[in-house]
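Visitor: I have a chain here and would like to be walked through it. Please keep to what can be read from the model.

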Amino acid sequence: RAIFSPSPSCLSLSPRCPPPAPHTCQGLAPCLPDEGQVNTSGPRLLLATLHPASGSSAAMDRIVSALLLSLLLLLQSYGVCGAPPQPRGTLCRTKPTDLVFIIDSSRSVRPHEFEKIKVFVSQVIEGLDVGPNSTRVGVINYASAVKNEFSLKTYQTKAGLLQAVRRIEPLSTGTMTGLAIQFAISRAFSDSEGARVRSPNFNKVAIVVTDGRPQDGVQDVSARARAAGIEIFAIGVGRVDMHTLRQIASQPLDDHVDYVESYSVIEKLTHKFQEAFCVVSDLCATGDHDCEHTCISTPGAYKCACKEGFTLNSDGKTCSACSGGSGSALDLVFLIDGSKSVRPENFELVKKFINQIVDSLEVSEKQAQVGLVQYSSSVRQEFPLGQFKNKKDIKAAVKKMAYMEKGTMTGQALKYLIDSSFSIINGARPGVPKVGIVFTDGRSQDYITDAAKKAKDLGFRMFAVGVGNAVEDELREIASEPVAEHYFYTADFRTISKIGKKLQMKICIEEDPCECKSVVKFQTKVEDLINSLQR
């Protein structure tokens, strides 16, 4: 039997092993890993501090037991439910880039087609690592004249960029493509507009999107741009002049010239450009992965694994509880914007988003409880905490929720959450962690500051999810600290499922690994493993 001392030394079983607790539990203070969080990314040294034993034989027995335990845990780290981690496709982070979109909004581009260009631009931005020290983005809008929509230095967050793209309007005149490229050279890629000094560590990239023949020359100005170190991609749509695209683009032309038959299918180029900006890295270290529980790095890719009591789903990323799996007690209330701007078809996507998160919970009287509140010009409780005792009933109630329409009184809804949703009379349990998820698609029509602050002061963990015209400052005001981990934004309702995946793991209240219950469970597993080895 392995005997651990109350030493601050930590068993290096997991790269995510928490720091030692300041207290001990019945004389034992091992730094225990989260359930199933055994590192499988490669061989690691196991260190344990042991009490001096009476005699070298006893000490040696303990050391051998500890080493054998580490080996057994390593071999069994594929999960109690028997499913090994599945390899995932190669993904990567984007190399720091100064990226400028040059988009044609001449009269030949109809308004609904211009909206497709904006969706394409937004989707490319979604795949970038945006920030002052990573990728900076600017947009030039052109027709007969050139309009600098925003420069490389204007927005330093992805949310800010996406909202700015949504506000762009077409100019609807001629097609001066050469003038727009000249503007990019002299203005958009200048130091004063936020461009960085030319360096091997940074890329300078322009993406030109056009659907017609230019009314000015593009060959010479494009050559000057390329000579200045700007890599140019040319995208042509519909009746575009292909010869013009080849004059604009960098070499090799096969990699830098793209054609689509209409704006309705321009989105299919999104993946190509996300790959074009990518650099292979340790995705687990950077957090650039979607593993619900554990990420294991492999060269140029990663694998996902699950905690003990869970099995990996067929998507290779999410985890489901095995029979007999346990979860922590949690009171979770959704606060959902049902205003007119959401629109009925998007409201159905919001309901799927809610049920996506419900699927990740262990719902019961002693574990997770879920409540749902919808708001617009008024606030309506759809169902309180504890009314439904299982996932099936909760999801059925969510599907039946009727769309309210009207205004956006987010402040009033937050006050209702504080005063009613998390009250004992509405099913909240004393001493159980409280989590609120606020979902909105626009600016609040009332004051939110006091209610948002009070919710956090009361210890509620608040997540803010914004879509479309949601205001970043309001989302940040609602979100708990650290704000970056508690607020999310996407430009398109169709992509909220990605936010749902991130929230599934973040709302989980993890058990203290040094609580007596965990220690006993861990010791029992140790004894079983050693007995198995002895046999």
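Visitor: Which residues does Phe 383 touch, leaving out residues up to four places away in sequence?

Guide: This is a predicted model, and Phe 383 sits in strand E16, residues 379-383. Leaving out residues up to four places away in sequence, the residues that Phe 383 touches are Val 370, Gly 371, Leu 372, Phe 388, Ile 394, Ala 397 and Val 398.

Visitor: Is Phe 383 buried or exposed?

Guide: Buried means under 20% relative accessible area. Phe 383 has a relative accessible area of 2%, so Phe 383 is buried.

Visitor: What separates the C-alpha atoms of Phe 383 and Met 401?

Guide: Phe 383 and Met 401 are 18 residues apart along the chain.

Visitor: Ile 394 and Val 398 were among the residues touching Phe 383. Which residues make the contact of H10 with H11?

Guide: Helix H10 covers residues 344-358 and helix H11 covers residues 391-400; their axes lie 9 Å apart at an angle of about 170 degrees. That angle makes H10 roughly antiparallel to H11. On the H11 side the contact is made by Lys 391, Ile 394, Lys 395, Val 398 and Lys 399, and on the H10 side by Lys 351, Ile 354, Asn 355 and Val 358.

Visitor: How many nonpolar, polar and charged residues are in the contact of H10 with H11?

Guide: Ile and Val count as nonpolar, and Lys counts as charged. Sorted by class, the contact of H10 with H11 has 4 nonpolar, 1 polar and 4 charged residues.

Visitor: Where is Lys 406, and is Lys 406 buried or exposed?

Guide: Lys 406 lies in the loop between H11 and H12, and its phi is positive, about 75 degrees, although Lys 406 is not a glycine. Glu 405 is in the loop between H11 and helix H12 (410-421), with a positive phi near 65 degrees. Glu 405 counts as partly exposed at 34% relative accessibility. Lys 406 has a relative accessible area of 61%, so Lys 406 is exposed.

Visitor: What does Asp 98 touch, beyond residues up to four places away in sequence?

Guide: Asp 98 belongs to strand E3, residues 97-104. At 1% relative accessibility, Asp 98 counts as buried. Beyond residues up to four places away in sequence, Asp 98 touches Arg 136, Leu 152, Phe 189, Ala 195, Arg 196, Asn 203, Lys 204 and Val 205.

Visitor: Which residues of H2 are buried?

Guide: Helix H2 runs over residues 111-126 and reaches 23 Å from its first C-alpha to its last, close to the 22 Å expected. Its buried residues are Glu 113, Phe 114, Ile 117, Lys 118, Phe 120, Val 121, Ser 122, Val 124 and Ile 125.

Visitor: Which residue does a cis peptide bond join to Pro 482?

Guide: Pro 482 is in the loop between helix H14 (472-478) and strand E19 (487-490). With omega about -10 degrees, the cis peptide bond joins Pro 482 to Glu 481.

Visitor: Where is confidence lowest and where is it highest in the chain?

Guide: The mean pLDDT of the chain is 77, and 69% of its residues reach 70 or more. Over residues 1-56 pLDDT stays under 50, and residues 66-92 also stay under 50. Confidence is lowest in strand E1 (residues 86-87), at a mean of 39, and highest in strand E4 (residues 136-142), at 96.

How values were computed
Residues numbered from 1 in each chain as written. Predicted model: local features only at pLDDT ≥ 70, side-chain atom pairs only at ≥ 80, totals over all residues. Heavy atoms only, no water. Helix = DSSP H or I, 4+ residues; strand = E, 2+ residues; numbered from the N terminus. Expected span 1.5 Å × (residues − 1). Buried < 20%, exposed > 50% of the residue type's maximum accessible area, 1.4 Å probe, protein only. Contact = heavy atoms within 4.5 Å. Axes fitted to C-alpha atoms, helices over the stretch in contact; angles between N-to-C directions. Parallel < 35°, antiparallel > 145°, perpendicular 65-115°, else oblique. pLDDT = per-residue confidence, 0-100.
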